[in-house]
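I opened my notebook for an afternoon of looking things up in this one. Here is what I went after, entry by entry.

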Amino acid sequence: MSLRSSLVVPARRAALVLSCAAALVCPPLAAGCSAGEDASSAGGGGALPDDAEVPPPPDAPGCPAAASAEITVENARGALSGTLVVPAGCGPFPAVVIIPGSGPTDRDGNQAATGIHPDTYKLLAEGLRDRGIASIRYDKAGIGASVSAAPREEELLFEMGADDAGLWVKRLREDGRFTTVTVIGHSEGSLLGMLVAQRVEVDGYVSIAGAGRPIGDVLREQLASLPGEDRERAYAILGQLEGGELVADIPQTQLFMSLFRPSVQPYIISWMKHDPAAEIAAVTAPTLVLQGTTDIQTKVEDAERLAGARPDAALVIVEGMSHTLKEATLSNASQNAAYADPSLPVVPRVFEAIEALVREE
């Protein structure tokens with residue numbers, strides 16, 4: 001779920017291995033119910049006032065309990081699989097699409113191959129459900145139950161992720177149980193969410209732990225701790241990719257091949273075309289930017305750059321929140337727990353901020 005892969009964070013953060021670039025391949029139900037238990041009945045035998053609610057017949061069904069269901073949409077290559085969570089009640093409800101971060105991230109926010117298992121997106125969906133907000137979270141193309149929806153790695157482009165997320169927005173739009181649709185993008189999903197919000201109708205946009213700078217700048221920062229010769233070679237490759245040039249001569253080391261192997265270069269080039277600050281400025285929907293202060297992958301400065309490009313956006317900085325939306329310090333042990341312990345809760349401020357945006361739409 002990071003923006004990058006196979007890079008070790010420096011100094012005191014060095015124990016946590018980030019993941020991303022190395023793994024870059026990587027029926028609507030009833031639309032509502034009759035009035036519930038709060039429906040009022042007229043007293044006496046007179047006529048009902050014009051604005052009085054008509055009580056439901058005795059055998060009318062009650063409002064359904066909260067539920068989740070497996071759903072799919074089709075892209076040009078195959079089926080994308082996700083989970084729809086609907087709150088208890090008759091609705092209609094506001095809804096969100098949770099766009100995952102990079103790497104082999106599944107619908108729950110986990111990466112089995114790398115030992116990352118915080119259940120962040122599952123916990124986010126459940127917390128929003130308890131606040132009366134429906135959600136879709138999904139396996140990215142090529143991951144989990146969405147394996148058939150992925151292209152070959154050499155054909156993969158960054159914008160395909162936005163196309164896939166847009167399909168889920170449209171799916172919610174077609175369902176009469178939902179009043180509004182907001183996109184929530186986490187990490188790399190933040191930038192994808194910006195592209196979605198420009199392409200399809202959305203009622204709100206939320207960036208969580210999103211980079212505020214182009215990916216080339218972010219990678220340079222992360223590669224700065226490499227030995228001199230390796231660092232200069234990596235910077236040179238980044239420069240060529242930023243210019244739209246494929247690079248054939250890649251050092252045959254694990255680091256260089258994980259980041260810059262020829263088959264992943266078209267994806268990186270397509271990613272580099274997008275400056276998050278410019279993209280968020282083009283989003284017209286109400287916007288929220290959320291960032292934690294103990295996030296070791298993106299910084300408060302990233303959130304401030306995004307908010308600066310959209311002066312009307314709500315900027316919420318959450319003290320002590322990690323990249324996985326869980327409380328953590330900057331110690332290796334605390335960060336490792338935030339990435340690996342699904343029992344740790346999502347920081348409550350996240351739900352408060354998202355609900356405030358959704359309810360104001």
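**Entry 1: Q291**

Leaving aside its neighbours within four places in sequence, which residues is Q291 in contact with? I found A209, G210, T298, K299, V300, A303, V316, I317, V318 and M321, where contact means heavy atoms within 4.5 Å. Before going on, I noted that this is a predicted model, where local features need pLDDT of at least 70 and side-chain atom pairs count only at pLDDT 80 or more, while totals for chains, interfaces and linings use all residues. Residues are numbered from 1 along each chain as its sequence is written, and side-chain values use heavy atoms, with hydrogens and water left out.

Q291 sits in strand β9. Helices (H or I, at least four residues) and strands (E, at least two) are DSSP runs, numbered from the N terminus. Buried means under 20% relative accessible area, exposed over 50% and partly exposed in between, with a 1.4 Å probe and protein chains only.

**Entry 2: the rest of β9**

How many residues of β9 are buried? I got 6 of its 6, so the strand is mostly covered. T287, V289 and Q291 point one way, and L288, L290 and G292 point the other way.

Next I checked the partners of β9. With β8 it pairs in the parallel sense over 4 bridges, and V206 has L288 as its bridge partner. Two strands pair if DSSP finds at least two bridges between them. On to β10: 5 bridges join it to β9 (residues 287–292), again parallel. Here L288 stands opposite A314, and G292 stands opposite V318.

Helix α9 (residues 300–309) packs on the sheet and touches β8, β9 and β10. The direction of α9 makes about 170° with that of β9. Axes are lines fitted to C-alpha atoms, for helices over the stretch in contact, and angles run from 0 to 180 degrees between N-to-C directions.

**Entry 3: S207, in strand β8**

Is S207 buried or exposed? I read 1% relative accessibility for S207, which counts as buried, and I placed the residue in strand β8. Beyond its neighbours within four places in sequence, S207 is in contact with G185, S190, L288, V289, L290 and L306. I also looked up a pair: S207 and I280 are 73 residues apart in sequence, and their C-alpha atoms are 9.4 Å apart in space.

**Entry 4: the whole sheet**

I wrote down the strand order as β3-β4-β6-β5-β7-β8-β9-β10, an open sheet of 8 strands with mixed pairing. The edge strands are β3 and β10 (314–318), each pairing on one side only. Neighbouring strands of this sheet are turned by 20° against each other on average, direction ignored.

At the β3 end, 8 bridges join β3 to β4, and the two run antiparallel. They form a hairpin with 4 residues between them, and A69 has L84 in β4 as its bridge partner. Helix α3 (residues 188–199) lies across β5, β7 (178–186) and β8 (204–208), at about 140° to β7.

**Entry 5: helices**

I looked at α1 (residues 120–129): 7 of its 10 residues are buried, so it is largely enclosed by the rest of the structure. The buried ones are T120, Y121, L123, L124, A125, G127 and L128. Their cover includes β4, β5, β6 (134–138), β7 and α11 (348–360).

At what angle do α5 and α7 pack? I noted about 70° between α5 (residues 228–242) and α7 (residues 265–272), with axes 9 Å apart. They are therefore roughly perpendicular; angles under 35 degrees count as roughly parallel, over 145 as roughly antiparallel, 65 to 115 as roughly perpendicular and the rest as oblique. L238, L241 and E242 in α5 meet Q265, I268, I269 and M272 in α7.

**Entry 6: the disulfide**

The structure holds 1 disulfide, a pair of cysteine sulfur atoms within 2.5 Å. It joins C63 to C90, with 1.7 Å from S to S. The torsion about the S-S bond is about -95°, so the disulfide is left-handed. C63 is partly exposed at 37% relative accessible area, whereas C90 is buried at 17%.
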